[in-house]
Amino acid sequence: MTDDTSTPAAIDTAGDGPARPDFAALAREIARHCAAYRDPVPRLALRQVANTLLPYLALCALMLWAAARGFEPWVLPLAVPAGGLLVRLFIIQHDCGHGSFLPSRTANDRLGRALSLLTVTPYDSWKRAHALHHASTGDLSRRGTGDIHTLTVREYLALSRWHRLRYRLYRNPFILIVLGSPLNFLVLQRFPSGVGLPWRTAWRDVLALDLALAALVALLALATGGIGPVLWVLLPVVAVAAWIGGWLFYVQHQYEETVWEGPEAWDFHRAALGGSSYYVLPRVLQWFTGNVGLHHVHHLNSRIPNYRLQECLDGHATLGEVGRLTLRDSLRCLGLALWDEEARKLIGFSGLRTATAHGA
């Protein structure tokens with residue numbers, strides 16, 4: 001394991017302010033460190049499947065049993081840990097999409113497709129869209145696939161009043177996360193639009209999952225005596241997982257000091273390290289979220305399986321210092337909505353007056 005505690009070549013000390021990292025140079029150096037952690041470890045992968053899938057299925061079985069016998073009030077509290085475990089299963093599916101969870105590409109794809117029945121996320125379509133997200137994160141000229149739609153201050157000011165209102169509504173945290181995340185997983189992902197795949201391929205992937213989900217729900221309804229108990233379990237669990245996942249995806253790139261560049265200045269490694277946060281979570285939450293908070297490491301090398309991200313971070317001191325967000329810090333991200341090209345940071349709508357004054 002590497003223990004690199006000094007990065008003099010990667011620190012920019014120009015000016016009278018504190019030293020700031022030169023992300024392009026720093027990221028290339030750290031990327032070489034990360035490459036040592038990209039090999040899957042089957043023993044750890046299988047252990048993660050077991051300690052996530054088995055408790056999840058047991059909880060869902062208990063919830064179905066309770067709902068079928070009229071104990072619905074007992075079902076909703078159990079949706080919280082079940083939703084957390086579903087997030088962890090989604091991270092396993094996510095790693096399969098990167099080809100990083102297991103050594104075999106075939107095994108990754110088979111496991112990822114099997115898990116899609118639980119995550120209600122079409123594996124191949126999401127895999128393609130997410131790959132485009134990794135290839136374009138932080139590039140202002142390639143927004144719109146697998147990310148949260150973000151306008152620059154200039155783009156927002158150029159909009160009509162109606163389109164400004166639409167954007168404000170879209171960026172409202174209640175609409176974006178509380179309503180939007182469950183809507184995306186339960187409804188929008190039942191259709192193949194905007195997934196980055198050829199239309200016929202997308203339809204085949206999405207329709208196959210939809211039919212499989214319908215068959216699974218029908219079998220569960222038959223076993224429990226009706227569709228009601230199934231919905232009492234399915235909807236709350238997916239909603240909880242969607243809220244957690246939606247929030248995580250938001251704070252991974254939507255924080256004040258993130259990095260966005262035009263195509264002429266965009267650099268993959270700089271965008272990975274400078275434009276992806278390190279979300280510092282309590283250990284239990286980091287477990288449920290499959291280390292996804294170590295997102296800067298993941299973007300530097302997406303072939304590192306989630307169960308090795310902490311090991312990689314611990315091996316390089318600078319990784320623990322860049323892009324840090326605590327739970328308290330992350331709450332301040334809720335008001336961010338626009339990229340200020342002059343100040344080179346994300347701002348909220350309340351900062352528009354200052355931004356336009358500086359740009360005048």
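Guide: An axis is a line fitted to C-alpha atoms, for helices over the stretch in contact, and the angle between two axes runs from 0 to 180 degrees between N-to-C directions. The model shown here is predicted. In it, the axes of helix α2 (residues 42–68) and α10 come within 8 Å and cross at roughly 135 degrees. The two helices, α2 and α10, are therefore oblique to each other. Their crossing is right-handed. On the side of α2, the contact is made by Tyr-56, Cys-60, Met-63, Leu-64, Ala-67 and Ala-68, and α10 contributes Pro-229, Val-230, Trp-232, Val-233 and Val-237. By class, the residues of this contact comprise 11 nonpolar, no polar and no charged.

Helix α10 (227–253) also takes part in the largest pocket, where it supplies at least two residues of the lining, as do α3, α5 (123–136), α7 (161–171) and α8 (173–186). The volume of this pocket is about 1,400 Å³. Its lining counts 45 residues, and those nearest the centre are Gly-146, Asp-147, Asn-184, Gln-189 and Phe-249. The lining of the largest pocket divides into 26 nonpolar, 18 polar and 1 charged residues.

Rolling a probe the size of a water molecule over the atoms shows where empty space is left. The structure holds 2 cavities of 30 Å³ or more.

The largest cavity contains about 110 Å³ of space. Asp-147 and Phe-249, which are among the residues nearest the centre of the largest pocket, also belong to the lining of the largest cavity. Others in that lining include His-133, Thr-137, Gly-138, Ile-148, His-253, Gln-254 and Trp-260. The lining of the largest cavity consists of 4 nonpolar, 7 polar and 1 charged residues.

The second largest cavity holds about 60 Å³ of space. Helices α3 (72–97) and α13 (295–300) each supply at least two residues of its lining. The largest share, 3 residues, comes from α3. Among the lining residues of the second largest cavity are Ile-91, His-94, Asp-95, His-295 and His-298, together with Gly-290, Asn-291, Val-292 and Leu-294. By class, this lining has 5 nonpolar, 6 polar and 1 charged residues.

Definitions and conventions. Residues are numbered from 1 along each chain as its sequence is written. This is a predicted model: local features need pLDDT of at least 70, side-chain atom pairs count only at pLDDT 80 or more; totals for chains, interfaces and linings use all residues. Side-chain values use heavy atoms; hydrogens and water are left out. On a 1 Å grid over the protein atoms alone, a cavity is a set of points where a 1.4 Å probe fits but cannot get out, and a pocket is an open set with protein on both sides within 12 Å along at least five of seven lines; lining residues have an atom within 4 Å of a point. Grid points are joined across faces, edges and corners, and a volume is the space filled by probe spheres set on the points. Ala, Val, Leu, Ile, Met, Phe, Trp, Tyr, Cys and Pro count as nonpolar, Asp, Glu, Lys and Arg as charged, and the others, Gly among them, as polar. Helices (H or I, at least four residues) and strands (E, at least two) are DSSP runs, numbered from the N terminus. Angles under 35 degrees count as roughly parallel, over 145 as roughly antiparallel, 65 to 115 as roughly perpendicular and the rest as oblique. A crossing is left-handed if the near helix is turned anticlockwise from the far one by less than a right angle, and right-handed if clockwise. Contact means heavy atoms within 4.5 Å.
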